Each structure stands twice: as C-alpha cells, then as structure tokens.
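Have a look at the sequence and the structure, then follow the topics below.

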Amino acid sequence: MQFKCLRARLSFVTLNLSSFILMCCMLSTQSSAYAVQTLDVSLNNNTILLTPKHGGDGSAWGVAQCNSCHVINKIHKEAPKIRDIVKAKGYATCAGCHGDNGVESNIRECVICHNAKDLPQAPVLAEIKNHNFDTNTDAPLKDKDCLACHIAADMDGNFEAAVDLTKFPDQAGGLAPYTQQTDFCLRCHNQNHQQAAFRIKNPDPNNALSASEYDFLNTDVHGVRNGSGVTTYAGLRAGYSYQSTVECTDCHAMHSTHNEKLIIGDSSAGVFKLDNALRNAKHKVSVSKDDDSQLCVLCHVMKTPLGQAGKDTGNGLAGVHLTGAGSNCRECHAHGKNEKALEVNNPTNNRQSGNLILTPTHGKNGNGTAWGIKQCDNCHSISLIHKDAPNIKNIAEQKGYVACTGCHGSNGTDAPRPCAICHNPNDLPRSPEVVGAKKHDFDANGLHDLQDNDCVACHEASDMNGQFSHAVDLTKIPDKEGVKSALSGQTEFCLRCHNRDHQPAEFKIKNPDSRNVLSAAEDYFQHIDVHGQRPGNGSGTYTGLRAGYNYQSSVECTDCHAMHGTHNDALIIGNSATGVFKLDNQARQARFPVTVKDGDDSQLCVFCHVMNQPVGMGMVNTGNGLSGVHLTGPGNNCRECHAHGKGAEDLQVKTRDVSLLKGQLLLTATHGKEGNGSAWGIGQCDACHAVSQIHRNAPNIRDIVRSKGYVSCMGCHGTNGTNAGVNITTHPTAAGLFDVNATRKCTICHNPSDMPSKPDLKAAKNHNFIASNEQPLSDAMCINCHASSDMDGQFELNTDLTHFPNKAGVFFDYNNSSEFCVSCHNLDHQQPIAPITGATTPNFSSRHPLVAMENNWNFVDVHGKRRGTGDRTYAGLRDDVYKYGSLVECVDCHSMHGTHNDKLIIDSTAKGVFQFPDFLRNIPFLIDTPQGDYSQLCVTCHSMKTLIEQGGKNTGNGISGVHQVGTDCRQCHTHGGAPQTGL
C-alpha cells in the first residue's frame with residue numbers, strides 16, 4: 001500500500017516535472033515564435049490582420065486556439081488598456097482585431113471591446129440610432145456592421161481615412177486611396193457606382209442617400225460648391241477654420257446618436273475642425289420638430305445679427321437668425337436636396353399677382369425681414385426653387401443665385417438685373433427669339449447686343465410665365481395725360497415713346513419732327529397708316545389678305561418689327577416666327593425668311609397679302625417661298641405706296657408731256673394723273689411717287705434718287721409750279737411753305753461722287769459767270785445753259801442747250817455748239833440773263849475775247865469760219881488718226897465744267913477734242929498751260945510734216961511735233977490774230 005502510494009507520488013512528481021520542463025520549452029519556444037510571427041502584423045505596418053505567414057513560416061496559420069501559442073500576460077504589454085480588456089475577455093477577443101487566422105469558425109467580434117463599458121469613447125455608442133444598414137430599424141451596431149467599414153483598421157487610436165476605412169473601388173473601378181472621409185462615404189452613396197454588397201434602394205435624384213455624391217460635388221454649400229471646393233465659408237465663429245469642404249462626419253454620427261438622419265447628438269461627436277474646448281463642452285444637438293438650429297449654431301454665427309440671432313437655441317449657443325420649432329435651417333442652407341419644398345409666403349410676389357419683382361414685404365409671411373439682403377442663398381436653396389419649372393431650375397442651378405435678380409429685381413439693393421444671363425440663345429433661345437445683330441438697343445446707329453438695362457426699359461415687371469401679355473409684361477410708361485394707364489395693345493406701348501409731344505423723359509427721341517419716322521409713328525398709326533387706325537377709327541377689315549388670316553382693326557408694330565433680334569434695317573422681322581402674330585401659327589413657325597435689302601419689302605408683305613387676281617409679278621416667288629404681290633426684287637419697295645403715311649392705292653403716273661422720248665423732263669401745268677393737272681403746284685414729290693418705282697429702267701439714276709431723297713427731283717423736272725422751291729422741312733423759312741430762293745437741284749446728282757464724268761467737276765476753274773473768280777458751279781449756273789435737257793446721257797445740241805435768240809431775235813436751231821457760245825459772247829446782242837460788262841472784266845475792251853469771240857470766230861479765227869467759209873480742211877494736222885474738217889468747236893479746247901488751266905483750256909484730251917477717236921481721247925493725254933505755254937494743247941492735233949527746231953521734243957505730255965515748246969503759241973496762232981506768213 002505504501003509502495004503503491006510512493007510510486008504514485010513519484011509518478012506525479014515525474015509528471016509535474018515533465019509538464020514543467022514542457023512548459024518551459026513552450027515558453028521558450030513561444031517567446032521566440034512571438035517575435036517572429038509579428039513581423040507582418042504590427043502597427044508599424046498599418047495592419048494587424050493575420051496573414052498566411054502567421055508563425056513566420058506559416059506554421060501558426062489555421063490554428064483555431066490562440067492560447068496554443070500565446071500567453072495573455074505577454075501580449076499588448078505596451079498597451080495596458082487593450083491588455084486589460086483581453087485579459088478580462090480572454091482569447092475570444094483576438095479575432096476582433098486580428099481576424100480569423102484562416103479559421104472559418106473564428107468570428108471577428110468588434111463590440112466585445114468597442115462598447116459603452118470597455119472603450120466608451122472609441123467610438124461612442126451611447127445612443128441607439130447608428131449606421132446599421134437598416135434605415136427602418138433602430139438597433140445597436142453589430143459586428144458585421146463594423147466590418148463593412150473598418151475591415152482592416154490598424155487600431156492605433158488615431159483615425160486615418162486611408163488606413164482605417166475599407167478599400168471600396170471608386171467610379172473607375174480602382175482602389176484609389178481616400179482623400180477625405182467623405183470620399184469613403186460617396187463610394188456607396190451615389191447613383192451609378194454603388195458597391196455590390198451595399199446597394200441603396202431607390203437610386204434617383206430625389207433620394208438623399210443616393211444623391212449625396214452629386215449634391216456634394218455640385219450643389220451642396222458644404223461640399224464642392226460650384227465644382228470648385230475652394231470656398232472659405234462665411235458666417236463662422238471667430239477662430240474656426242473651415243475651408244474647401246466639410247466632411248460628412250462633421251454633422252453625421254455613424255456610431256451613435258439620438259437624432260434622425262444620424263445628425264450628431266452633441267458637439268463632441270462631430271465638428272472636428274472646430275475649437276476643442278467648444279467640441280468637448282458637449283453642447284447638445286437636437287433636431288426634433290424641424291429645428292436644426294442647435295446643429296448649425298455650433299459653427300455659424302451672423303456677423304450682423306438679425307431675426308432671432310440673440311436667442312439661445314437651447315444648447316447654450318446663439319447666433320442664427322431662426323431657432324425653435326419649424327425653423328429648419330436645411331430648407332435653405334443644406335445639401336442640394338431637401339425634405340420639403342420652400343414655400344414663398346409673400347402673396348404680392350408671384351405669377352398669380354402678375355408681379356415677380358420683390359417688394360419691401362419680402363420675407364417669411366410677408367414680414368419684410370428679407371428685404372435689402374443681397375445674398376439670396378442666405379435663405380433660398382437652388383434645389384427648392386422652380387422645382388415645377390425644370391428649365392428655369394436648371395438654369396438657376398447652373399448660373400447660381402446671381403440669376404435671381406433677373407426676374408425678381410434687386411430686393412432693395414443696388415444689384416443690377418441680369419436679364420441676358422437666362423434670356424440668350426443658349427439657355428432660353430426663343431424667349432425671346434434672337435435671330436440677328438440688329439435690336440432695339442436704344443442706339444439708332446449701333447449694332448450692339450441687347451444689354452440688361454435695355455430689357456428692363458420695356459419689361460420691368462414681367463410675370464415671366466412664358467406667355468406674353470402686354471398688360472402684365474410691359475413697363476407702365478405714362479400716357480399722354482401723364483398717367484400709367486393700362487395698355488390696350490402692344491402698339492399703344494410703342495407709341496408712348498414714338499411720338500412727337502409726350503415722350504418719356506428717360507427715352508427722348510432726337511429730331512422729333514413730322515418726317516422722322518421714330519417720332520411720327522403715332523401720327524401715322526392713328527391717322528393715315530393703312531396698318532393703323534385709318535382714318536382714325538381703326539375699324540377697317542383689311543382686304544387682299546391670304547385666306548384664313550384674320551387681321552381686323554389695326555396691326556401691331558411687333559407684327560412687322562422685331563425688338564429682340566433681326567438682320568434687317570428698321571428692325572423688320574427676320575422670319576415669320578418672329579412676327580405676324582395673328583396669322584396661322586403653322587405658317588408662322590415654318591420660319592419663312594425675310595430680307596428687305598435693296599428697297600425690296602416683298603418678302604415681308606407677302607406673308608399676309610395676296611392679290612385676288614395676280615398681275616405683274618404676282619406669280620413670282622419673292623425669294624422666301626411665297627408669291628402673291630405684284631412687284632418683287634431689288635427696288636420694289638412696297639412701303640413707298642402702301643406703308644406708313646401713304647395711301648393704299650396703286651399709283652400710276654400718266655403725265656403725257658414728260659418723257660425722254662419727247663426730250664422734255666420739265667413738269668408742266670398738266671402734271672397729274674391722266675394729265676389733269678391735279679399734281680401741279682405740289683411741293684412734296686413723295687405725296688404720290690415711290691422712289692423705287694421711278695427710273696426703274698435707269699438704275700444709276702434711281703440709286704441716286706433713293707440715296708438723296710425726293711429733294712433731287714427738281715434737278716431734272718423743275719419746280720412743278722411751286723415758288724421755285726422745295727418743302728419747308730428740307731429748306732425751312734419763316735415766310736411760308738416754300739423757300740423762294742431755292743432753285744433746281746443739278747449738282748445734287750452731277751458731282752464727283754455720284755456722276756463724276758457727267759460732267760467732270762473735279763477742278764475749281766469753270767464757266768461760273770464770274771470772271772477771275774474760282775468757285776464751284778452752282779445750280780443756277782447749270783440752268784443758264786441747260787434749262788431743259790432731256791438727261792438721257794447723250795448730248796444733243798438742240799435738246800440739251802438753252803435756246804437763245806440770234807442777232808435778229810429769232811430762235812433757231814444750233815448747227816454746232818459754238819453758235820450757242822457766241823449767242824452770249826458778242827458785242828451787240830448778248831443775252832439779258834448773262835450780260836458781259838466791263839464792270840466785272842479786267843482790261844475790258846471791244847477786243848477782249850469774251851465779247852470779240854463772235855467776230856473772231858466768224859471772220860478771222862483759223863479754227864472758226866475763216867474768211868466766212870468754214871469749209872476748208874485744216875493743214876498741219878496729224879495725218880494718222882486726227883481729222884478736223886471745216887471748223888473747230890469752242891468746247892474742243894475750252895472746258896465749261898472743270899479744269900485747272902486759265903482761260904478754261906481743257907486739262908486733258910478726255911475733256912475736249914470731241915472728233916477724235918474715243919480710245920485716244922480717253923487715254924487721256926494731260927494738258928498744262930503754265931505762263932502761256934500752249935504747246936501741250938496744240939500738239940494734240942498739230943504736227944509738222946517736216947520737223948524743225950523743237951519738233952522732235954516731248955512737250956511734257958508724251959507727244960511731240962510743234963516747233964516751239966515752252967512758249968505761247970497764241971502769239972502767232974491765237975483767235976482773231978492774222979496768220980503769220982508761211983503758216
């Protein structure tokens with residue numbers, strides 16, 4: 001018995017010794033193994049998850065029992081808080097931090113440590129609402145909830161987004177590191193690249209859970225606002241620095257809160273960039289009853305207190321303008337989407353009232369608290385406004401709050417109204433339609449884009465409902481009585497400026513007379529315009545309209561004139577869609593083009609008008625796809641007979657005695673329709689005549705008349721029985737309707753600009769009836785010689801020259817132009833209208849050429865009727881191409897209309913020597929006669945058969961052939977001088 005016991009004791013001792021030795025070996029081995037296996041699992045490597053290398057050689061990978069190798073009092077000896085928890089919880093805690101070590105049954109337990117008792121502030125889990133992946137259930141976080149976001153955290157007590165958050169793929173499918181915590185959040189909270197394991201139901205733009213990425217990157221005032229993310233936030237508490245963006249976790253608690261939407265429960269749970277003293281004071285946050293003020297007041301405080309800024313929000317802080325139940329800051333200031341629409345409670349500023357312009361009542365419930373505030377986003381959220389008008393909302397979201405004043409005015413500030421920020425070809429391309437550079441920009445000479453102040457001049461208080469109503473959308477400008485009365489139509493609005501006697505002070509029209517269409521529009525429209533209230537009652541139904549088109553009473557100005565954009569002068573509409581509003585809408589929207597260049601209005605008129613029985617060009621396409629008017633094409637200006645201030649009748653001029661065929665253009669007492677004299681004595685040509693209709697077969701003349709106006713008519717056609725004058729509006733006098741000093745206008749057409757060679761008037765010396773006085777020809781001087789020219793472009797002696805009586809007092813036909821000249825240039829039968837006297841002529845005598853010309857020319861002048869015959873052929877002429885038989889005309893050597901030479905000697909062959917071939921005359925050869933040197937004149941015709949002296953010398957104009965150059969040929973060869981022996 002004793003033996004047995006002794007043997008048993010020995011066995012026990014042996015066993016214990018063996019166990020002790022084994023334990024020592026294990027301890028020794030474990031100590032060494034522990035050092036090896038942690039090479040890849042440490043805080044230094046930012047990973048504490050075990051890998052297949054566990055054990056150094058992998059020998060420990062797949063071992064289920066941690067205490068097979070590890071001793072609790074050896075691990076975490078440098079982290080006593082963790083070691084104490086592990087010692088208390090046992091090896092069951094290991095998987096929570098270090099993973100399952102390749103063993104499926106090892107469940108990672110997070111909350112075994114992270115709970116209110118063991119690690120109460122890492123994270124705080126004191127409340128029941130948290131990010132538990134079940135939006136409908138309030139339940140504590142479970143281990144699997146934690147691992148969704150923190151699968152590989154290094155658990156070093158310092159939160160680092162790139163280390164402590166699960167690596168989810170980004171939109172490109174890569175595992176890019178997070179730049180901020182919000183970047184992690186948005187990899188799930190988005191619409192188009194959610195994670196497969198964490199799908200969000202209802203991924204539409206109105207669901208905040210899936211719309212967060214778009215809101216944060218584009219419209220959220222706390223996010224990357226306007227795509228920049230560089231904003232420094234205004235209205236922050238002193239010393240608090242929030243720049244660029246605000247993290248989601250600044251306001252949302254993932255681990256525990258008592259608030260909906262996971263809003264933090266107190267300041268210590270978020271607002272991480274704020275002052276730590278304020279954060280750790282644990283200012284509570286409650287967002288119940290639509291009151292976000294306790295959250296917002298943590299960061300925000302108004303620089304200029306208004307509203308309830310001085311009121312404690314309930315957590316010990318004040319500084320926001322609204323607090324308490326119903327004061328939901330997020331309605332105006334939060335993410336680009338909100339739970340409830342922002343209601344505008346100002347009944348005076350809405351479409352129903354016809355007024356969108358803010359008034360001093362602007363503010364909640366019309367209390368005026370918002371009047372004078374420049375920043376619309378102090379109260380309004382872009383995503384909430386215009387939600388029922390997506391086009392407007394989209395523009396406002398893109399342009400920002402700067403667009404608000406365009407519709408709603410300055411709100412009592414000095415901010416300008418930017419209309420064009422929305423009303424432009426890109427954003428609202430047809431509201432209004434802008435199709436050309438010419439617009440009603442209040443600058444009659446400019447081609448400018450409409451400016452905002454141009455728009456506001458006419459549309460100061462529009463309701464912007466997309467439907468034009470003149471009574472609502474046009475500025476109330478005072479009427480003739482100074483009253484801002486209601487407008488009966490668009491034209492009435494136009495005429496409140498376009499008149500002569502009651503223009504608004506801020507929109508004065510220069511030159512407000514009866515002939516300025518800008519100011520005479522009211523007179524035309526109300527009294528004589530066929531499109532207006534003709535004859536003052538506006539009750540007519542227009543004839544000649546297209547079938548189905550309904551134009552009764554008057555036509556609006558905007559039917560033909562485009563205020564917002566056109567390519568035509570006078571603001572004529574550029575296509576059918578921009579005017580003719582009472583016509584068939586389908587026809588209007590076909591957008592038939594309109595061009596009114598070259599005096600052609602047919603493309604405009606043909607929209608409405610069509611002849612019942614086509615005549616003229618009634619079947620010809622006007623160029624825009626329509627036909628039906630009797631004239632079309634350049635010069636056929638319908639307005640000349642049918643538009644403002646003109647009668648509707650088709651005017652036909654049937655004056656029988658005025659025509660080129662008769663050689664008579666001067667109007668007579670028969671002037672009038674059918675030659676009845678009804679038009680005789682009328683000073684206004686345009687009372688009957690349309691510029692585009694006259695001279696249709698003479699476009700050069702027609703263009704000049706169109707350019708100069710009707711004032712040019714009398715140049716050819718005389719004074720039409722008036723007091724030799726024109727209408728008072730062009731030549732006003734105090735004496736009466738006509739200027740009795742006015743004469744026929746010749747030089748208005750015959751001048752170097754308009755008709756430079758008919759005649760040539762480029763030089764100052766001319767037949768101006770004043771000897772030794774150089775001045776341009778006047779109209780009266782022209783008429784002395786050309787009283788009744790037929791103006792057909794062909795010079796004919798007995799048509800184009802005034803008929804003067806000869807010495808016997810008889811009117812005879814001229815055989816040559818020299819007979820016309822000598823009818824004045826003589827001694828004894830000068831004409832009364834142009835007498836030649838010594839009083840105006842230096843060195844005057846009976847031998848002076850001005851009065852001796854008739855005698856010289858008829859008897860002794862070798863160029864005239866020498867010896868009274870005038871039938872010989874001149875000798876000494878060039879025998880190549882120049883042929884002068886009989887006499888030489890005065891105008892062959894003397895220029896009546898313009899030269900630089902004395903004695904009116906021609907200064908080039910183009911102005912004389914008319915019997916020469918035109919190709920030689922028009923080269924031309926130049927002629928100068930300085931100090932009596934006439935060699936350049938004479939050499940044009942004369943050349944010695946046998947060259948002597950200087951016969952081979954160039955006279956200076958490229959021609960040679962006379963025996964003296966640089967001398968006065970007239971000493972031997974001039975008028976009236978006896979020819980020298982041997983000539």
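**Confidence first**

The protein has a mean pLDDT of 79, with 81% of its residues at 70 or more; pLDDT is the predictor's confidence in each residue, from 0 to 100. This is a predicted model, where local features need pLDDT of at least 70, side-chain atom pairs count only at pLDDT 80 or more, and totals for chains, interfaces and linings use all residues. Residues are numbered from 1 along each chain as its sequence is written, and side-chain values use heavy atoms, leaving out hydrogens and water.

- Confidence is lowest in helix α1 (residues 2-37), with a mean of 35, and highest in helix α6 (residues 181-185), at 94. Helices here are DSSP runs (H or I, at least four residues), numbered from the N terminus.
- Residues 724-741 have pLDDT below 50, and this stretch makes 34 contacts in the model beyond near neighbours in sequence. Contact means heavy atoms within 4.5 Å.
- Residues 978-983 also have pLDDT below 50, with five contacts in the model beyond near neighbours in sequence.

**Helix α20**

- Which residues of helix α20 (residues 699-708) are buried? They are R702, I704 and V705. These three lie on the same side of α20 because they cover an arc of only 165 degrees around the axis, taken from the directions from the helix axis to the C-beta atoms.
- Buried means under 20% relative accessible area, exposed over 50%, and partly exposed in between (1.4 Å probe, protein chains only).
- On the face turned away from the buried side of α20 sit the exposed residues N700 and S707.

**Nonpolar cores**

- The largest nonpolar core has 19 residues, and those touching the most other members are Y242, V271, L274, V285, L295, L298 and C299. Such a core is a set of buried Ala, Val, Leu, Ile, Met, Phe, Trp, Tyr and Cys residues joined through side-chain atoms within 4.5 Å.
- Leaving aside neighbours within four places in sequence, C299 contacts G235, L236, R237, Y240, Y242, V271 and L274.
- A second, separate core holds 14 residues, including A562, L583, V596 and V606.

**Residue Q490**

- Q490 lies in helix α15 (residues 490-495), and it counts as buried because its relative accessibility is 19%.
- Not counting residues up to four places away in sequence, Q490 touches F468, H470, L474, E556 and T558.

How values were computed
Helix = DSSP H or I, 4+ residues; strand = E, 2+ residues; numbered from the N terminus.
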